[in-house]
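Please look over the sequence and the 3D structure shown here before reading the report that follows.

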Amino acid sequence: MSAPGKNLRIDGDRLWESLMEMAKIGPGVAGGNNRQTLTDADAQGRKLFQSWCEAAGLSMGVDTMGNMFMTRPGTDPEALPVYVGSHLDTQPTGGKYDGVLGVLGGLELVRTLNDLNIKTRRPIVVTNWTNEEGTRFAPAMLASGVFAGVHQLDWAYAREDAEGKTVGDELKRIGWVGEEEVGARKMHAMFELHIEQGPILEAEHKDIGVVTHGQGLWWLQVTVTGKDSHTGSTPMPMRRNAGLGMARLTELVHEIAMSHQPRAVGAIGHCDVYPNSRNVIPGKVVFTVDFRSPDRDTLDGMKAEFERRAPAIAEELGLGLEIEAVGHFDPVTFDETCVKAVRGAAEKLGYSHMDIISGAGHDACWVNRVAPTAMIMCPCVDGLSHNEAEDISKEWATAGADVLLHAVLESAEIAE
């Protein structure tokens with residue numbers, strides 16, 4: 001096997017053009033994207049990706065969770081493939097790059113190998129995972145979770161959105177239920193390129209984040225129940241204000257996270273207030289608590305402390321309280337050999353780099369359970385993500401895809 005030279009680079013202009021073309025599908029209201037999973041926009045984005053992959057000579061496989069696997073054959077038909085990819089779905093007010101960079105960076109890798117007629121011993125598979133975001137159907141990383149054996153297929157199919165539509169029905173409706181058994185594919189390795197979604201790389205003036213670990217996560221759905229009543233005519237001592245309960249519990253989440261610094265975060269995310277009328281005291285509030293840490297004991301400790309202290313707050317205000325765990329994964333340690341390949345690629349190519357812990361969950365976190373996995377991160381402006389103003393530079397995207405190319409080639413092995 002011959003090692004690729006440091007002059008081997010992807011076509012940054014072509015990658016950028018692909019990113020901008022995909023961003024036209026499911027446009028947001030403020031320059032970003034609203035291409036939520038299993039919507040018509042998602043189906044349209046999948047079709048565009050499929051057409052690009054087939055033009056690059058890739059063959060498509062789709063499993064029963066709608067995961068797309070686009071394969072470039074290797075010279076050894078018995079060799080396990082190297083997988084790359086991420087997700088095409090976005091938040092309701094998402095950016096152009098979260099997830100999409102990893103999918104289209106994988107496609108650009110293949111296009112570059114085609115341009116230079118470079119063959120690999122192992123096949124290379126570019127992947128689009130279904131419902132990574134989890135914003136329409138909780139939990140996040142749903143389909144990769146089924147792939148890794150964390151979730152059962154029937155359970156995943158039964159997940160409902162706010163309108164009561166299910167994953168299974170919506171997959172059928174948009175025409176993306178494949179025939180492959182989820183998780184039947186075996187991998188030699190997987191590499192996921194992603195924007196950092198945090199401010200560290202930009203602040204440290206680094207081109208590349210070599211992701212060594214991923215934070216674990218607990219998502220708790222909290223239901224606070226009080227009594228709807230008139231905001232003007234209900235005396236203050238007689239109120240059972242579910243909104244006040246949420247406010248006190250929000251302070252509790254912040255207090256818990258701050259007491260576990262520096263390796264912990266916590267916040268209230270999604271929130272539904274009922275009846276959500278300006279002159280009615282809320283009778284019910286449903287919201288999510290998001291705790292994260294790269295340390296398992298810290299992560300589980302924050303969850304336990306919230307579950308221990310929250311009932312007293314509700315009782316003091318005369319409120320009912322239910323807490324349900326709706327999302328979880330343990331902290332992740334990525335594969336040492338794959339991480340070394342990423343770090344070596346950055347060094348060879350002359351890109352500044354640093355080891356980093358991923359603050360967000362990614363499909364690679366689940367896939368790491370069943371195959372050697374690593375992640376590559378590039379900076380994003382002000383660390384902003386899950387926002388339509390999310391932004392990266394063409395140079396950052398190019399650097400990340402260059403490192404992806406060389407790490408994958410080390411793993412897939414250039415054929416003699």
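## The largest cavity

Strands β7 (216-225) and β12 (320-329) each supply at least two residues of the lining of the largest cavity, and β12 gives the most, with three residues. Here strands are DSSP runs of E of at least two residues and helices are runs of H or I of at least four, numbered from the N terminus. A cavity is a set of points, on a 1 Å grid over the protein atoms alone, where a 1.4 Å probe fits but cannot get out, and lining residues have an atom within 4 Å of a point. The model is predicted, so local features need pLDDT of at least 70 and side-chain atom pairs count only at pLDDT 80 or more, while totals for chains, interfaces and linings use all residues. Residues are numbered from 1 along each chain as its sequence is written, and side-chain values use heavy atoms, without hydrogens and water.

About 70 Å³ of space lies in this cavity, whose lining includes H151, W219 and F329. Because domain 1 (12-215 + 331-412) and domain 2 (216-329) both give residues to the lining, the largest cavity lies between them; the domain bounds come from an automatic or database domain assignment.

All five residues of strand β3 (residues 82-86) are buried, meaning under 20% relative accessible area with a 1.4 Å probe, protein chains only. V82, V84 and S86 point one way from β3, whereas Y83 and G85 point the other way.

Five bridges join β3 to the parallel strand β4 (residues 124-128), with S86 standing opposite N128. On β5 (residues 189-195), which also runs parallel to β3 and is joined to it by three bridges, A189 stands opposite V82. Two strands pair if DSSP finds at least two bridges between them.

Note on methods. Buried < 20%, exposed > 50% of the residue type's maximum accessible area, 1.4 Å probe, protein only. 1 Å grid on protein atoms, 1.4 Å probe; cavity = no way out; pocket = protein on both sides within 12 Å on 5 of 7 lines; lining within 4 Å. Points joined across faces, edges and corners; volume = space filled by probe spheres on them.
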